[in-house]
Structure formats: C-alpha cells, structure tokens
Amino acid sequence: MDTGRIKCVLCNEGLVQKKTLFEYMGRNFSHEVPCCPKCGKVFIPPELAEGRMAEVEEQLEDK
Amino acid sequence: MRQSDTMAIVESCFHGQPASCTHNCPFGLDIRALMDKAANGKWSAAYKAFRNAVIFPAIASRLCPAPCKSNCQRADIGDEPIDLPLIEQAIIEYAKKKTAEKYVIPPKEQSAAIIGAGASGLACALALAQKKYQVTVYEKSEGWGGELREHRDFGIFDEDIGLQLSAVNIAWQFGHEVKSIDELAGFDVVYLATGKSGDDFGLLSSHDQTLYTTASAKIFLGGGLSGAALMDAIAMGTAAAGRIEAFLQTGKADAAVTERRDCSRHVEHEGVENAPRIKPESGGSYTEDEARQEAVRCMQCDCAACMASCDMMDSFRKKPKKIATEVYADTQASSTFSTRSLTRETYSCNMCSHCKSVCPEGINIGELFAMSRRNRVETGVAPFALHDYWLREMDFHTNVAAFAAAPNEKCEYIFYPGCQLGAYNPAHVLKTYEHLKSRLDCGIYVGCCGAPAFWAGDYERLNANVDYIRKSAEALGNPVFIFACATCETMFSEYLPELKRTSLYELLADSGGLKPGSALTDAAVFDPCSARGDDGMMGAVRRLASAAGVRLEELPERNRCCGYGGLVQGGNPGMFKKVADSRAKMSDKLYIAYCANCREVLLSSGKDCVHILDIALGLPQSMEVPAISERRRNSSFVKTELMRELEDEVFKIKPQPWDGLALVIEKGLAEDIDRKLISEDDMKEVIWNAESSGEKFFDEADESFVACLSRRVLTYWVKYRVLPDGVFEVCGAYYHRMSFSGAGE
C-alpha cells in the first residue's frame with residue numbers, strides 16, 4: 001500500500017514516517033511507521049502487519 | 001514445576017538406548033553404533049569402539065558365541081540375524097589404525113597383584129595398568145593366555161594380547177605359582193583369576209557375584225574360577241578392575257557398580273524390506289564390500305514411533321527426552337539472558353494423544369506441552385494472542401449462548417451438544433433434542449466444556465467453568481450427560497469424573513425410533529482423536545451409517561487429529577494446514593464425521609464431509625461452512641428456540657450499537673478474512689467506532705477508509721468504502737498482535 005496518498009481524516013494531514021513505540025511479549029522497541037504529523041495517530045499498512053510485524057511477533061513469542 | 005516432573009513423563013522412553021542385540025552381549029557392546037560405522041566403511045573407528053568394549057578383539061571375534069544373534073530383530077521380519085562375528089573379523093582385518101588404548105595420566109603408588117594370566121586376569125591387569133596402578137601378574141605357566149594356550153588360533157590371540165598390552169607397564173611373574181595368599185600381603189589389592197578349577201585359596205564360597213569381593217577384604221575373585229564362560233570372564237576382569245579402583249579410592253567396591261538398563265525391547269519394523277544374510281564368497285571371511293553390505297542389513301533398531309507418526313514431532317525433530325528437558329528449561333529461561341527453546345513446539349501440539357497410542361510405553365508427549373502451556377500462563381509469559389479467538393468463543397458459549405434447562409426442573413438425562421454442534425447447524429441440536437425428549441426424561445445443557453481453556457493452559461478459566469458445570473448439574477439433579485462431542489466427553493471424564501456419561505450415538509443407535517436416511521452409498525467414518533479408545537461411540541456411529549444403507553470403508557488409521565486439537569492454528573498455521581490437508585487425503589471417499597470441528601476443518605480443506613447426525617436424523621446434507629458470525633447467530637438461534645420451548649421466554653441478546661451496520665464483502669475475500677479468524681462483528685465494531693469518532697484514515701488511491709480497534713491482545717484493522725445507500729463495503733481486514741503507544745517525535 002502506498003501510504004503517501006493516505007490522510008488522517010480528523011486532521012486532514014498526509015502521513016509521515018515517525019518513530020513509534022511498540023510492545024509485545026514484554027519487550028519494547030521503536031520503529032518508523034506512517035503517522036499523522038499532527039495528532040500522531042499510527043497507521044499500520046496490511047503488508048507490514050502481515051509481513052515483517054508477524055515475523056517479529058513470532059520471533060518474540062519464541063524468545 | 002520441577003525437572004523431575006517433566007522427566008518422570010518420559011522416564012520409560014527407550015529411544016537412543018542400545019538395541020536389543022546389546023541386551024545379551026557380555027560386554028554391553030553398542031552393536032547398532034558399531035554396525036553404522038562398519039556400514040560406512042569406517043573400519044578404524046569401528047575397531048576402536050569394538051576394542052574398547054571387548055578388550056581383546058581377536059579373541060571376541062573368533063570365540064564369542066554371539067548371543068546377540070538371538071535378539072537380532074531381523075528375525076522379527078523373517079530374516080537371518082546379522083552375522084556379527086564375521087563383521088567383527090572384517091573390522092579387525094580392514095582397520096588401518098590398530099593401536100593399544102593409551103591413558104596419559106600420572107602413575108599411582110597403589111599396587112595390585114593378579115593371580116592368573118588367563119583372559120580374565122589379563123583384562124583386569126590391563127584395565128588397572130591403564131589407570132597407572134602398579135600391577136604384577138603371577139602365572140604358574142610360562143606365558144599368558146590360560147586355557148587359550150591350547151586353542152589352534154592361539155598365535156592370533158597371542159599377537160592380539162601383545163598388542164593390547166603394549167602401552168602399559170605390568171610386572172610379569174611367569175612360572176610363579178602362588179602357594180599362599182600371604183605371599184601377596186604387600187599388595188594393596190589382589191584379583192584372583194586362576195581359571196576353571198584353579199586354586200581359590202578357600203575364598204570361592206564367599207564370592208560376591210556382583211561386587212566380586214570375598215571374605216578377605218582386599219581380595220577380589222572372578223573369571224573362570226567363579227564359573228564364568230570365556231567372554232563373561234573377560235568382561236568380568238574389566239568390571240573387577242572398576243570395582244578394585246573404587247575400593248582403592250573409597251574403601252568400597254560398590255561405588256563402581258552401575259546397573260545396565262534393560263534394552264531387550266523390540267520395535268515395530270513396518271515397511272522394512274527383507275534382506276538375506278550376505279554369505280562370504282570365499283567361504284571363510286568377508287571382503288570389505290561384503291562386510292559393509294552385511295552391516296547395512298542392520299536395521300538400526302531404535303524406537304522412534306512417536307517421531308515417525310506425529311506430524312509435529314516429525315517436523316521439529318526433537319526427541320522425547322529433549323522435549324522433557326526443554327519444557328523444564330523453558331520455565332527457568334529469563335528473557336533478558338536466555339531464550340525459551342520450545343515455544344513453537346508447545347503451541348504446535350494437537351494434544352491428540354496419538355503419540356501415546358503408538359508408544360510401546362504409552363508416553364503422552366502432549367502432557368509435557370500441556371504442562372508447558374499451563375506454566376507459561378501462570379507465569380505470565382504465554383503468547384496470549386495465539387488463543388485469544390478461542391477463549392473469546394468460550395466466553396461467548398459459557399455466557400451469552402449458554403443455556404441449561406429441563407422440562408421438569410430436574411431430569412434423568414441431559415443432552416450436552418457442546419459449543420460447536422449448534423453453531424454449525426442448529427438442527428443438529430434441536431432435532432436431536434426433540435428425539436431424545438420424546439423417549440427420555442431429558443433436559444438440555446448448551447455450554448462449553450472448557451477445552452479451549454485447557455488447550456490454552458488457562459486453568460483458572462478451566463476450573464471456574466468446571467465448578468460452574470458441577471453446580472448446574474447438581475441443580476438439575478445430577479442427570480446422565482449425553483455427549484455429541486467426544487472432546488466434551490473426554491473433558492468431563494478428566495475434570496468432572498463424578499458425573500455420569502454416555503455417548504449420544506450409542507443412545508441413537510440402540511434406542512430405535514429413528515429412520516436414518518441418506519443418499520450416500522459409500523463413505524468412510526472419520527473418528528475424532530478424542531474418541532480414541534471409545535469403541536462404543538465409534539461402533540455406534542458405524543451402526544447408524546450402515547442402518548442408512550451407507551457402505552463404509554475403514555480409513556488406514558482411526559482417531560488421527562484433524563488439526564483442530566490443541567488449537568494450533570494460531571501458533572502454527574502452517575502445521576495446522578499440513579495436518580488438515582493430510583487427513584483430508586486419507587481416502588477418496590466422502591467422510592462421515594461426528595465431531596463438528598473435524599467436519600469444519602475437513603470441509604475447509606476441500607474434503608466432502610457430512611455429520612453423522614445428518615444421516616441419523618435424515619437431514620439435508622450441506623458442504624457449506626458457516627462464517628464465524630453466522631455460527632454465533634446459529635448458537636443464539638439454538639438458545640432462542642430452547643428458551644421459548646422450555647421456559648416460554650424470549651432470549652434477548654444484549655444489542656450492540658454496530659449490530660445494524662450493513663456490510664458487503666466479496667465472497668472470496670469474506671472467506672479469506674474468516675480464515676484469519678476475524679468475524680463480521682469484529683469488523684462492524686471497527687467501522688462503527690471509526691464512523692462515530694472520525695478516527696480513521698482516507699486512502700486517496702482507492703477512496704477507501706482504514707480504521708483500527710485494539711481489543712484485548714489483538715489490534716484489528718478494516719479497510720472499507722462507504723456506499724451511497726449507507727452500506728459499508730469491506731475491502732480488507734487484518735490484525736497484529738503488537739501494541740503501539742503512539743508516535744514519538
């Protein structure tokens with residue numbers, strides 16, 4: 001999904017890549033994902049959720 | 001959890017122990033490992049292993065009566081046993097490196113006298129001299145060998161003895177007959193091995209057959225003198241050296257006694273081809289190639305029944321004892337410093353007890369994974385997201401959709417259909433109950449047995465549910481529970497053993513009053529794993545199908561898990577699919593299932609499958625799998641109908657603000673989303689939340705909205721379009737398990 005053409009509806013702002021804090025299985029880490037520059041709302045595209053994120057989730061479950 | 005708890009489960013596993021041929025070997029030689037080396041032409045390595053066990057390879061290879069042959073499992077499939085003596089001789093002949101065993105350790109001051117230079121005395125002397133004790137051998141004749149000196153092959157034996165003794169220092173006193181044991185008073189210990197009918201110095205009657213000790217504290221006795229045959233005498237000499245060393249170091253000989261494990265068990269050899277014994281073309285000894293071919297005949301007998309027939313164990317290649325060790329080790333792992341090594345296996349086990357059914361010792365590896373799952377939940381380190389969907393299902397079926405009632409408050413019988421029977425087809429519950437009620441004083445209890453909690457390792461939830469069922473049963477007069485689901489029945493037998501139980505299918509098959517009917521001509525019954533051992537239930541299902549005129553074919557195996565067991569779909573979707581697809585391919589015939597979950601899994605794998613109740617009750621046979629939300633609606637419908645009938649009340653499910661949303665989803669996409677275990681209700685909630693709060697994203701590329709909602713341990717995302725008439729078209733749905741806490745700077 002091309003996130004360049006995605007907007008936060010409430011803020012009417014295009015998304016920018018921002019470092020975001022994630023937590024899973026008791027571990028915290030940060031990663032750059034598309035967010036609203038104004039309200040900070042995070043957008044997770046399907047390719048990320050079902051791709052790299054799923055891989056990392058599995059790795060953390062195995063730890 | 002203690003390590004002894006996990007190890008106790010696999011204690012009797014004999015995988016990796018020597019094979020049955022070793023059981024009879026005087027030396028405890030690991031023949032299977034030796035044959036592996038020989039089969040690969042590793043002659044020098046084979047020689048070393050053989051020499052270390054038998055001490056004098058030339059003597060053992062020519063004079064051992066080979067009791068191993070009588071326990072060679074080739075005979076189990078009608079073949080001649082492996083010709084070990086000829087292979088042993090080939091090992092000696094073709095090994096390029098033949099040297100004596102050499103120990104690089106400092107000499108010891110303690111001294112040992114050996115009386116008798118026969119095979120047993122020599123073996124004892126060699127072992128003690130290797131450990132650098134000061135050894136003196138007294139022999140009345142002029143050389144070593146004892147009774148072997150008379151053998152026609154003594155030249156070969158003499159050379160072998162010389163080779164094996166070439167790396168040690170021993171003081172030889174040939175031609176010296178010890179007349180009185182007092183002569184040896186200066187030695188710290190004595191080994192008396194004067195051979196068959198040799199002088200025992202009055203000590204034979206006090207000989208301890210295990211410790212080889214005698215009435216005289218420092219005199220040990222063994223070999224032919226104690227009645228041992230030649231090979232036993234050699235083995236005894238080596239063992240005596242061990243006991244002597246323990247005595248010299250600790251004052252007690254028993255410190256060296258180790259019990260040999262019983263390795264006499266034979267294993268299954270299904271599918272192994274017969275192979276005739278290789279006969280040496282020369283008539284005497286094997287060529288190198290012949291020896292290898294004969295060693296290849298060794299079946300490397302080892303029990304691997306569980307690993308060979310369980311998809312999960314075959315995939316992870318971990319042995320039972322390793323699994324038991326790791327189940328415990330994982331409880332000690334600290335995520336900061338170490339990694340748990342068994343997580344994926346733990347959540348990939350179907351817990352179907354198939355391993356137990358094929359294990360000669362009846363070991364259930366699933367018990368280990370159940371322990372592991374429970375421990376992870378109790379210590380808060382379980383990947384809770386893996387079982388979230390099914391625990392939500394359990395919550396729904398134990399709360400919203402649960403219902404228990406009887407026509408007259410209390411009842412003699414109660415029908416317990418399980419949570420999924422009505423979800424897949426309300427008629428299965430309602431029509432069955434109608435029939436039962438017409439013949440018995442029968443109530444109905446729609447609920448969940450707690451299997452999802454058991455599979456998740458959530459015992460708090462499981463026990464709460466068990467307590468609730470117990471109280472409900474009591475209120476109904478503790479009736480006999482009639483089970484349509486074998487898993488429910490198994491759970492009740494484990495956690496509510498005090499309640500009386502029977503299977504629905506036995507009642508239906510035996511009670512009469514039914515007119516089973518089906519257009520089917522041929523089919524195969526797919527027995528669920530949870531019905532294993534329940535011949536009554538399995539037989540009744542077959543009787544019901546036969547009564548409807550269905551010709552039945554037996555599957556190659558009964559009670560193989562369809563893939564649903566243990567709820568592995570969340571933790572290992574690939575394994576789930578592999579198992580399900582494999583079960584679907586067990587036969588070309590249409591399946592008759594009697595577990596609602598088996599049927600759903602098999603249908604989803606593209607296998608035509610009907611429920612036995614379709615046949616028993618003459619219902620229309622559909623191959624459709626209802627979607628998740630439809631299943632919930634079906635369960636609510638069942639409760640609505642039962643409440644109206646038994647309590648004359650209207651079931652009102654608590655309305656949700658998103659109930660009224662109208663969704664359209666393309667069929668293929670809907671199936672895809674359903675496979676991800678995302679329900680239509682979940683999607684409605686996400687959309688309703690986004691539409692009412694405005695918190696959503698707009699994708700200009702396709703003019704769609706994307707919104708998310710975090711629930712418990714999962715975050716759901718839905719991509720949708722708003723159609724002109726207020727209908728929402730779902731374009732996609734996905735989820736992730738990680739949580740995020742907003743963007744930083």
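What follows is a chat about a predicted model with chains A and B.

Q: Let's start with chain A. What does its secondary structure come to?
A: Chain A has two helices and four strands. Along the sequence the pattern reads β-β-β-β-α-α.

Q: What are the spans of its C-alpha trace along the principal axes?
A: For chain A they are about 40 × 20 × 15 Å.

Q: And how much of chain A counts as buried?
A: 35% of the 63 residues of chain A. On contacts, if you take those in chain A between residues at least 6 apart in sequence, 41% of them join residues at least 24 apart.

Q: OK, how many residues of chain B are in contact with chain A?
A: On chain B, 28 residues are in contact, and they meet 31 residues of chain A.

Q: Which elements of chain B give two or more residues to that side?
A: Those elements are H14, strand S16 (697-699), strand S19 (728-736) and strand S20 (739-743) of chain B. S20(B) gives the most, with five residues.

Q: How do the residues on that side of chain B divide by class?
A: The side of chain B that touches chain A has eleven nonpolar, ten polar and seven charged residues.

Q: Switching to chain B as a whole, what does the domain assignment give?
A: It gives domain 1 (3-8 + 309-382), domain 2 (17-98 + 268-296), domain 3 (111-256), domain 4 (387-641) and domain 5 (663-736).

Q: How far apart are the centres of domains 3 and 5 of chain B?
A: Going by C-alpha centres, domain 3 of chain B and domain 5 of chain B lie 86 Å apart.

Q: Now helix packing. At what angle do H3(B) and H4(B) pack?
A: Helix H3 (residues 31-39) of chain B packs on helix H4 (residues 43-54) of chain B at about 160 degrees, and their axes are 8 Å apart. Angles over 145 degrees count as roughly antiparallel, so H3(B) and H4(B) are roughly antiparallel to each other. Their crossing is left-handed.

Q: Which residues meet there, H3(B) against H4(B)?
A: From H3(B) you have Ala33(B), Leu34(B), Lys37(B) and Ala38(B), and they meet Ala45(B), Ala46(B), Ala49(B) and Phe50(B) in H4(B). By class, the contact of H3(B) with H4(B) has seven nonpolar residues, no polar ones and one charged.

Q: What about H23(B) and H24(B), how do those axes cross?
A: Helix H23 (residues 504-511) of chain B and helix H24 (residues 535-547) of chain B cross at roughly 45 degrees, with axes that come within 8 Å. That makes H23(B) oblique to H24(B). The crossing of H23(B) with H24(B) is left-handed.

Q: And which residues touch in that pair, H23(B) and H24(B)?
A: Tyr505(B), Glu506(B), Leu508(B) and Ala509(B) are the H23(B) side, and Gly536(B), Met537(B), Ala540(B), Val541(B), Arg543(B) and Leu544(B) are the H24(B) side. The contact of H23(B) with H24(B) comes to seven nonpolar, one polar and two charged residues.

Q: Is Tyr212(B) buried or exposed?
A: Buried, because Tyr212(B) has 28 C-beta neighbours inside 10 Å and the cut-off for buried is 20 or more.

Q: And Ser353(B), what's its phi?
A: Ser353(B) is not a glycine, yet its phi is positive, about 65 degrees. Ser353(B) is in the loop between helix H14 (343-346) and helix H15 (354-358) of chain B. Ser353(B) is buried, with 22 other C-beta atoms within 10 Å.

Q: Where is Tyr138(B), and what does it touch?
A: Tyr138(B) is in strand S2 (residues 134-139) of chain B. Leaving out residues up to four places away in sequence, Tyr138(B) touches Ala113(B), Ile114(B), Ile115(B), Gln173(B), His176(B) and Val178(B). The C-alpha atoms of Tyr138(B) and Val178(B) are 7.1 Å apart, though 40 residues separate them along the chain. Tyr138(B) is buried, with 22 other C-beta atoms within 10 Å.

Q: Last one: is Gln249(B) buried or exposed?
A: Gln249(B) is exposed, with 12 other C-beta atoms within 10 Å. Gln249(B) is in helix H9 (residues 230-250) of chain B. From Gln249(B) to Gln110(B) is 9.8 Å, C-alpha to C-alpha, with the two 139 residues apart in sequence.

Conventions. Residues are numbered from 1 along each chain as its sequence is written. Chains are lettered from A and ligands numbered from 1 in the order in which they are written. This is a predicted model: local features need pLDDT of at least 70, side-chain atom pairs count only at pLDDT 80 or more; totals for chains, interfaces and linings use all residues. Axes are lines fitted to C-alpha atoms, for helices over the stretch in contact, and angles run from 0 to 180 degrees between N-to-C directions. Angles under 35 degrees count as roughly parallel, over 145 as roughly antiparallel, 65 to 115 as roughly perpendicular and the rest as oblique. A crossing is left-handed if the near helix is turned anticlockwise from the far one by less than a right angle, and right-handed if clockwise. Two residues are in contact if their C-beta atoms, placed from the backbone, lie within 7 Å. Ala, Val, Leu, Ile, Met, Phe, Trp, Tyr, Cys and Pro count as nonpolar, Asp, Glu, Lys and Arg as charged, and the others, Gly among them, as polar. Domain bounds come from an automatic or database domain assignment.
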